[in-house]
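Here's a walk through the model, one piece at a time. Keep the structure open while you read.

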Amino acid sequence: MILLDRVTKVYSRTNTALDRISLHVEPREFVIIVGASGAGKSTLLKLLTKEEKPTSGKIVVGGLDYDKLRDKDIPLVRRKIGVVFQDFKLLPNKNVFENVSFALEIVGYGNREIAHTVPKVLDIVGLKGKEKRMTGELSGGERQRVAIARAVVRQPKILIADEPTGNLDPKYAWEIIKILEKINHYGTTVILTTHNQDIVNKLKRRVITISDGRVVSDRANARYNNEDSK
Amino acid sequence: MTKKKPNKPRKQGNHKAITFGRIIKTGGQNFIRNASLSIAAVAVMIITLSIILFSYIANATFAHTIQQIEDKIDVSVYLKDSVTEERRDQLISDIKNMGNIRSVEYVSKERALEEYKAANNDDIDLLLAISQTDNPLFALLRIKPYDVDRIDGIRDYAEKPEIKELQADETSYSGDRKEAIDNITNSTRLLQRIGIIGVIVFAIVSVLIILNTIQMAIFNRREELKIMRLLGASTWYIRGPFIVESILYGVVAAIVSVSLCEALLSVPQVTLSTSSFGLLDITYAGEFFSQRLWSILTLQLLVGIIIGAASSFIATHRYLKFKTSK
C-alpha cells in the first residue's frame, strides 16, 4: 500500500529531515510511528500527502508513483488519503456539518448522499447534535473529532493521523484510538504518529521508531518507552 | 456503533451542475459570514468606483463646456460690395468643399448692421454715429470649422490671390482676434488632455486599490485556501467561491456608486440657485448622467465584476500552487 525506497528530504545544507528512509506498509496494516519532536515524523507524513517533495528516493502510494504525478493529479491523490492534522485544520467559515461534508463535496457526492452519510459519521465521533456549531465554538477535543470525522467520511484507503490524541484528555484519547481501530478493521490502512506510550503499548501493533531522520527500529507488536527516543 | 458508508461511483453528468451550484452557494455564504470583511471591501469598491464615475462625468461635462466655447469660434470673410451673387454662391460652395467646415453662413450688409446695433445697444453715441451715415459694414461669410485646431486652413484659403481680391478687409482671423482664438484653442486642448489623463489616472489608481483590498481579504484567509488544497479540492472548487464573493462586492458597489452619483447630482439642481461650478455645468452633468443611466450602470457593473473577479483570480493564485521544488 505504501512503499518508500531510500527517501531523503533535505531542507537546507544543515537540515536533513529524512535520511534514506525505506519502509513498506501492507494494505489494512495499522502502523504507529514514534519519535521525538524533530525526528522527521511530520516530514514523512508530508511526503505521503504530497505537501513536500522528496529530495531523492522513490515513493509509491496505492500503486501511484509520486515521481510521475503531475500537479493536476495531486488533488486526486489527496482525496484517496484521509488525514487528521495535528492542528486540526478545520475551515473557520463553516460549521461542523459543513466541515465534514466539504470532504464529500469536493469528490462530487450528491446532496442526498451527504445528508445521509455525514450525520452517521458525526454520531460515531460523538458530535451528534452539534452539527450547526461553528468550529470556533468547539473545545479542542471536539475539534479533533470533527477533523477525524472529516478524514474518515470518504472511507479512504489510507488514513494518516498526526498526533490525533495530542490535545486530548486521556479518556477521550482512548476513544479516538478506538475509532481508528474500527476504521482499520473495516479495511483502511492506518498510519498513526504519537508520543503517548500508553496508547502504543496497549495497541500492540507494528511500531516504527524514527530518530534523526532514520528508522532506528521497526518491530511488530512492539512496546515503546517515551524516554528511549529522547 | 454501526459504520456503513456509501461507496458508490459518482455520477459524472450531474457532477458539474452540482459543483457549480455549490461554488455559487459557498460564495454567497462567505459574503454573508465574513460580513465585516465584505463591508470593508464593498466600501473601498464603492469609493473607487464612484471616483471613476465622477471623473468620467466631470470630464464629459468639461468637454461639453469646451465644445460650447469652441462653437463660438468662427472666421468672418468680409466681401466687397462689388461681389456678385453668383460669385458669392460659388465661393460658399467652394469653401464648403474644402473640408473641416461645419457651416458657412452668409450675413448681408443689412443683417450685419442689425447685429452690430444689437451688440452695441448700450452705447448710444456709437448707435447715433452709425445711424447718421450709410451702412458702413460689409457683407460677410461666417465660417465655422469642425476642428478649431485646423482653423488656419480657412485663412490660407482666404489668402489666395483670387479669393483675396473679393475681400474688403482682412479675415477676422488675424491680429488680436487671431491671438485670442489661438489662446482659447490651446488652453482647451490642454484642459481636455488633462481631463482625459485625470480619468485614466483615477481609473488605474482605483483598480490598484481594489486589487490590493481583495488581495488583503484573501491573504487573511490563505489558511482556508491551503486547507482546502490539502483536502484534495480542485483549483476551481477552491477559487470559485472567492471569485463569486468578489463579484458580489463589485455588483453591490456598482449599484451603490451609481445611486450615490444620482443622489449627488440631483441635490444641487434642487437646492442651489446656481447650477454651475465654474467650468462644471451641473445641469449638463445631471442630464448627461440621467440620459445614460442604464449604460453607465451596466458599465459600472461590468467594471466592478471584471475587476473583482480578476483580482480574486490573481490573489488566490499564489496560495493554490503546489510545491514542485525538491
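## A look around the model

Chain A comes out with a mean pLDDT of 89, and 97% of its residues reach 70 or more; pLDDT is the predictor's confidence in each residue, from 0 to 100. This is a predicted model, so local features need pLDDT of at least 70 and side-chain atom pairs count only at pLDDT 80 or more, while totals for chains, interfaces and linings use all residues. Residues are numbered from 1 along each chain as its sequence is written, and chains are lettered from A and ligands numbered from 1 in the order in which they are written. Helices (H or I, at least four residues) and strands (E, at least two) are DSSP runs, numbered from the N terminus.

**The sheet in chain A.** Six strands of chain A make an open sheet with mixed pairing, in the order β6-β7-β8-β3-β9-β10. Two strands count as paired if DSSP finds at least two bridges between them. At the edges sit β6 (81–84) and β10 (214–219) of chain A, each pairing on one side only. On average, neighbouring strands of this sheet are turned by 15° against each other, direction ignored. Helix α1 (residues 41–48) of chain A lies across β3 (30–34), β6, β7 (158–162), β8 (189–193) and β9 of chain A, and runs at about 150° to β7(A). Those angles run from 0 to 180 degrees between N-to-C directions, with axes as lines fitted to C-alpha atoms, for helices over the stretch in contact.

**The hairpin.** How many bridges join β9(A) and β10(A)? Strand β9 (residues 206–211) of chain A pairs with β10(A) in the antiparallel sense over five bridges. The two strands form a hairpin with two residues between them, and D212(A) in the turn has a positive phi of about 50°. Two residue pairs across it:

| First residue | Partner in β10(A) |
|---|---|
| I208(A) | D218(A) |

**V31(A).** This residue is found in strand β3 of chain A. Buried or exposed? V31(A) counts as buried because it has 21 C-beta neighbours inside 10 Å; the cut-offs are 20 or more other C-beta atoms within 10 Å for buried, 12 or fewer for exposed, and partly exposed in between, with C-beta atoms placed from the backbone. Leaving out residues up to four places away in sequence, V31(A) touches V25(A), I191(A), R205(A), R206(A) and I208(A). Contact here means C-beta atoms, placed from the backbone, that lie within 7 Å.

**Where the chains meet.** In all, 30 residues of chain A are in contact with 27 residues of chain B. On the chain A side, the elements giving two or more residues are α2 (74–80), α3 and α4 (111–124) of chain A. That side divides into 12 nonpolar, eight polar and 10 charged residues. Nonpolar covers Ala, Val, Leu, Ile, Met, Phe, Trp, Tyr, Cys and Pro; charged covers Asp, Glu, Lys and Arg; the others, Gly among them, are polar. As for α3(A), nine of its 10 residues are buried, so α3(A) is largely enclosed by the rest of the structure.

**Over in chain B.** Chain B is divided into domain 1 (17–68 + 187–317) and domain 2 (75–171), with bounds from an automatic or database domain assignment. Their C-alpha centres lie 52 Å apart.

How values were computed. Two residues are in contact if their C-beta atoms, placed from the backbone, lie within 7 Å.
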